[in-house]
Amino acid sequence: MSVKLVILGLLMEGEKHPYEIQQIVNERHMKHYIKLAAGSLYYAFDQLEKQGYVEVVDIVRDTNRPDKTIYRITEKGKQHFEQLLLEELQKHEHIHRSIYAGLSFAAYADAAKVSAVLERRLQETKQQLEKLKWIFEQKRPNEYVAKLYVLKGVIMHLETEVEWLQQLIQVANNKKLHEKGGS
């Protein structure tokens, strides 16, 4: 996910400062599907400004706090936003997950220990799933359909992961991780 796309997308909603962008990402629970480090956020704002995609509209000075630079998206930025959006929608993703690397060698480990770790992961996944379902229901009445489909997609992936983990735990509990040819 492009940090610049997130910034420009949120600026499409109105003028904001970088810290506000970070707060919105947290408030909207976007952290479940977007990685956004604070350092990269400020750097991206600098780059977007240099490229003419955003411009400073105000600097709020407060003696007790650092200055807040308020930005807005430019017309050039709106065009760039749409280009980034379309590019992001076309990207094909490779699925690289650490669990896959671990499972590749699980046949050589103690099945009970593998099962215990997978059980913890299953419980965490179920908790995350329930939280996102709750968020979805809270946002449903007042959110754009496209944004709801992001949450719906994440929920569907988590539901599949729960089922997959349950099957995997059963295989581990039956001590069949080392067998060949089953699934």
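Which residue with a positive phi follows α2? Select H29: this residue comes after α2, and its phi is positive, near 60 degrees.

**Before you start**

This is a predicted model, in which local features need pLDDT of at least 70, side-chain atom pairs count only at pLDDT 80 or more, and totals for chains, interfaces and linings use all residues. Residues are numbered from 1 along each chain as its sequence is written, and side-chain values use heavy atoms, with hydrogens and water left out. Helices (H or I, at least four residues) and strands (E, at least two) are DSSP runs, numbered from the N terminus.

**Stop 1: helix α2**

Buried means under 20% relative accessible area, exposed means over 50%, and partly exposed is in between (1.4 Å probe, protein chains only).

**Stop 2: the largest nonpolar core**

A nonpolar core is a set of buried Ala, Val, Leu, Ile, Met, Phe, Trp, Tyr and Cys residues joined through side-chain atoms within 4.5 Å. Select I7, L8, L11, L36, L41 and F45. Of the 23 residues in the largest core, these touch the most other members. Each of α1, α2, α3, β2 and α4 (75-90) supplies at least two residues of this core. The most come from α1, which gives seven residues.

Zoom in on L36. Leaving aside its neighbours within four places in sequence, L36 is in contact with V3, V6, V25 and L41. Contact means heavy atoms within 4.5 Å.

There is also a second, separate core of 21 residues. Its members include I135, L151, V162 and L168.

**Stop 3: the start of the chain**

Select S2, in the segment before α1. Is S2 buried or exposed? At 18% relative accessibility, S2 counts as buried. A polar atom of its side chain lies 3.2 Å from the backbone nitrogen of K4. Beyond its neighbours within four places in sequence, S2 is in contact with L84 and E88.

**Stop 4: the β1–β2 pair**

Select strand β1 (residues 54-62) together with β2. The two run antiparallel, joined by seven bridges. Two strands pair if DSSP finds at least two bridges between them. Follow the hairpin that joins β1 to β2 through two residues. Then pick out two bridge partners: V54 goes with I73 of β2, and V56 goes with Y71 of β2. In a regular strand the side chains alternate between the two faces of the sheet.

**Stop 5**

Select H92, in the loop between α4 and α5. H92 counts as exposed, at 76% relative accessibility. Draw a line from H92 to L122: their C-alpha atoms are separated by 27 Å, and the two residues are 30 apart along the chain.

**Stop 5: helix α6**

Select residues 111-139. Helix α6 has 29 residues and reaches 41 Å from its first C-alpha to its last, close to the 42 Å expected at 1.5 Å a residue. The expected span is 1.5 Å times one less than the number of residues.

At the N-terminal end, D110 caps α6: a side-chain oxygen lies 2.8 Å from the backbone nitrogen of A112. The buried residues of α6 include L118, L122, T125, L129 and L132. Show α5 (98-103) and α7 (145-173), which are among the elements that cover the buried residues of α6.

**Stop 6: α7 and beyond**

Select L151, in helix α7. L151 counts as buried, at 4% relative accessibility. Which residues does L151 contact, leaving aside its neighbours within four places in sequence? They are Y33, L132, I135, F136 and K139. For scale, L151 and G14 are 137 residues apart in sequence and 23 Å apart in space, C-alpha to C-alpha.

Finish at K175, in the segment after α7. K175 has a positive phi of about 55 degrees although it is not a glycine. K175 is exposed, with a relative accessible area of 52%.

Conventions
A polar contact is a pair of N or O atoms within 3.5 Å; within protein, one must be able to donate a hydrogen and the other to accept it, and residues adjacent in sequence count only if both atoms are side-chain atoms.
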